[in-house]
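Thanks for making time. I will go through one model this morning, starting with confidence, then the fold, then the contact between chains.

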Amino acid sequence: MSGAARFDIRIPIGILFLALGVILAIYGVATHSDVTLYERSENISINLWWGLVMVVFGALMLYFGTRPPKIVAT
Amino acid sequence: MTSMTHLTPIDYLLMLVYFAVVLTVGWMLRRSTKTSTDFFLSGRSIPSWVAGLAFISANLGAQEVIGMGASGAKYGIATSHFYWIGAIPAMVFVGLFMMPFYYGSRARSVPEYLKLRYDEKTRTLNAVSFAVMTIMSSGISMYAMGKLFNLLLGWSFDMSMLVAAVIVLAYIFLGGLTSAIYNEVIQFFLIVFGFAPLVFLGLRAAGGWSGLQVRLAEISVQRGFQPGALTHAWRYMGDPSQNPIGVEWFGLAMGLGFVLSFGYWCTDFLVVQRAMASESMAAARRTPLIAALPKVLFPFLVILPGMIALAVDWHAPGVGSHAISAAGQGIIPPKIDGLTGGPLIDQAGHVVLDYDLSVPMMLIRFFPAGMLGLGLTALLASFMSGMAGNVTAFNTVWTYDIYPSHIKKGASDEHYLWMGRAATVFGIALSIAAAYVAASFNNIMDLLQLVFAFVNAPLFATFALGMFWKRTTGHGAFIGLISGTLAAAIHHGISLAGGSVPGVKGGYFGVHIVYRSELGQTFWTAIAAWVTCFVVTILVSLVTRPRVEQELVGLVYSLTPKPVEIDDHWYQKPSVLAVIVLTVTLALNIIFF
C-alpha cells in the first residue's frame, strides 16, 4: 500500500456533526418559546431536538473513529 | 428579482462550519497524497463501507435530490422504480460479477479495462466521450446550483458558482480522490440528516402515509388517472395511458431496469472508480452492495418530499413568498410564462407546475431558521460533491487514458501526478464554461445530452460480452458500439412522445412511432441501441480474429479463477449482502405494489 497513513473519516464527520448539532441545539434553546418560528415545523422545537440527535451521532462517530484499533491475535 | 426566503446568521454559521470542515479535510489529506495512485485511486486503501457510501454519494448530486423530488410530484411513488429496478439489480450485478474483472485486472479506470480487454480505439472512444460528458454534467450541475440559489436566496449566480467551484478545486487539488471520497461520505450523512426531519414533518402535516394517499388520490383523478396511480408503484403499469410515467412494464423493466441501469451502474467510471479505490478485492466487491442498502431506502428520503409537496399547504395564509401564486398545487408554484409574467399554461389549458422547486419549497415550508440552514447546506453539499465526483473521474480518465496514449507516453509518476492536478484545474475551468453555455444556449446542452444518451445506451452490451464471452474481439466491440449509437439516433429520429414537436425531442426522420411520454421514448431508444450493439458485436467478432486466450486471463469470466469468499464474517460475504438487498427490494415492491 502506498501513501502515508490517513486519519479516520469518522473523525471529521464526528467533528462536523458535533459542531452543527451544538449550534442548532443552543439556537433551539434560545428560541424555544418563539411560537411563530416553530409554527411551520408543526410546533415542534425541531432545532433543539434535531440538534441533540446530531450531537449524539457526532459523538458516536468521534468515539469509534478515535478508538484504538483492535489488536488481532496471530 | 426578489428572493423567496432569507437566511439568518445562524443559517450562514452552519454553512460556514461545513465549508471549514471540507477544506480542512482536503488540507489534512495533502500529506498522504504523494503518488499518482494516491491521487487517482486513493492508494487503493479505502475501507468498503467508506467506498460504498461514496459510491452512492457520487451519484447523489443535487440534480438527483431535486430531480427525484420533482419526479415524485410528477409520477408519485412509481418514481422509486428508478431505484428499485433502475439501480439495485445493476448494483448487485456489478458487485458480484463484474468487480472481479475491474479490480482483479488492476485496470486503473474503466476505459483502461477496455484497453486491456479489447484495444486502444475502443478505449479512446469510451474515454473521450466519458471525459466530455463528465465536464458537461458538472457544468450543468453548477448552472442548476447558481440558478436555484439565486431564485431562493437572491445570491449572485456568478458568485455562488465561483465559490462552490473554488472550494471543490481546493479540496480535490490537495487530496485527490481520497478528498473527494471523504467529502462524499460527509455529504451522505448531511443529506440524511438534512432530509429525514423534512420527511418526518411533512408526513405529520399530511396526516401520515394514509393522509397522503387520500390527498394524492384527488390529484391523481384531476390528472385523469385512477385514484391510486400516484401511490402504487406497479398496479397501473400494464398500460402506458394509465400511469403518470406513461410507459408499460416491459419498456420500464427492459429499458430502465436493464439497459440504462446496467449501462450506468456497471460501466460508468464515476461510480466504479469508488469501488476500484477500495482496499482489497473483497472490499471492492462489497462496495456496490453496501451502497445498495441505503439506496433501497432512498426513495423515502428524496421522492416522498416531492409527493408531500403536492399534498400540503402553506402553514399560514399569506406565508411563503409573494412570488408563489395561488395557481400552483400544494406548495409547488407554477412555471412562469416569460411573456405574460403569469403562470405558464399548456395546450390542454392546465397550469404547468415548476416541479423542480418541490424540494426547495418543502425546505422553506417546514424548516425554521437553523434547520433551514442545515437543509440548504445539505443541498449545497450535494451540488459540490456531484461536481467533485465528475471532476475526479475526469482528471483520472484524462491522465490515465487520454494523455499518456495520445500526448505523452512513459513520463514519470511525478509528471502524471502533476498532470492530474493540472487536469483538476482545467476540468473545473471547463465546467464553469459549460455552465455558462448551459445558461445561454439551453438547446446546445439538450442536444449534447441527447448525443451522450446515444453513446451510453449500448455500453453495457460491450462490457457484458467482453467479460462473459472470450470470443468477443476489439473490432467487434468498436463497430458494435458505433452501430448501437447509430441505432439509438435512428430510433429517436423516427419516434416522438405525444405532444412534442419534432426536433431535439425526436422525429427528425419523420414520426413513425408515437410514445405516450418522453420517458417511454427514452427507454425504447435505449433498448434499440443495446440490442443492435449486442448483435453487431457478436457478428463482427465471429468474422474477426480472437485474441490469444492467455492474454485474457483475469479479464474474461471463463478464463479467470472464481473469487473465493474468504471474509472474516458471514455478513461480509458479497453473496449474503446481495440476498439481503434483493429481499428488502422485493418486499418494498410488494408493499407499494
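**Chain B and its side facing chain A**

This is a predicted model, so I start with confidence: chain B has a mean pLDDT of 88, with 97% of its residues at 70 or more. For the complex, the predictor reports an ipTM of 0.91 and a pTM of 0.90.

Next, the fold. Chain B contains 21 helices and 2 strands. Its C-alpha trace spans about 75 × 55 × 50 Å along the principal axes. The radius of gyration of chain B is 24 Å, which agrees with the value near 25 Å that a compact globule of 593 residues would have. Of those 593 residues in chain B, 58% are buried. If you take the contacts in chain B between residues at least 6 apart in sequence, 77% of them join residues at least 24 apart.

Now the interface. How many residues of chain B are in contact with chain A? There are 38, and they meet 27 residues of chain A. On the chain B side, at least two residues each come from helix H1 (9–29), helix H2 (36–41), helix H9 (157–206), helix H14 (358–366) and helix H15 (371–406). Which element of chain B gives the largest share of that side? H9(B) does, with 10 residues. By residue type, the side of chain B that touches chain A comprises 25 nonpolar, 8 polar and 5 charged residues.

To recap, chain B has 21 helices and 2 strands, and H9(B) supplies the largest share of its side touching chain A.

Notes: Residues numbered from 1 in each chain as written. Chains lettered and ligands numbered in written order. Predicted model: local features only at pLDDT ≥ 70, side-chain atom pairs only at ≥ 80, totals over all residues. pLDDT = per-residue confidence, 0-100. Contact = placed C-beta atoms within 7 Å. Helix = DSSP H or I, 4+ residues; strand = E, 2+ residues; numbered from the N terminus. Nonpolar A, V, L, I, M, F, W, Y, C, P; charged D, E, K, R; others polar. Rg over C-alpha atoms; globule rule 2.2 N^0.38 Å. Buried ≥ 20, exposed ≤ 12 C-beta atoms within 10 Å, placed from the backbone.
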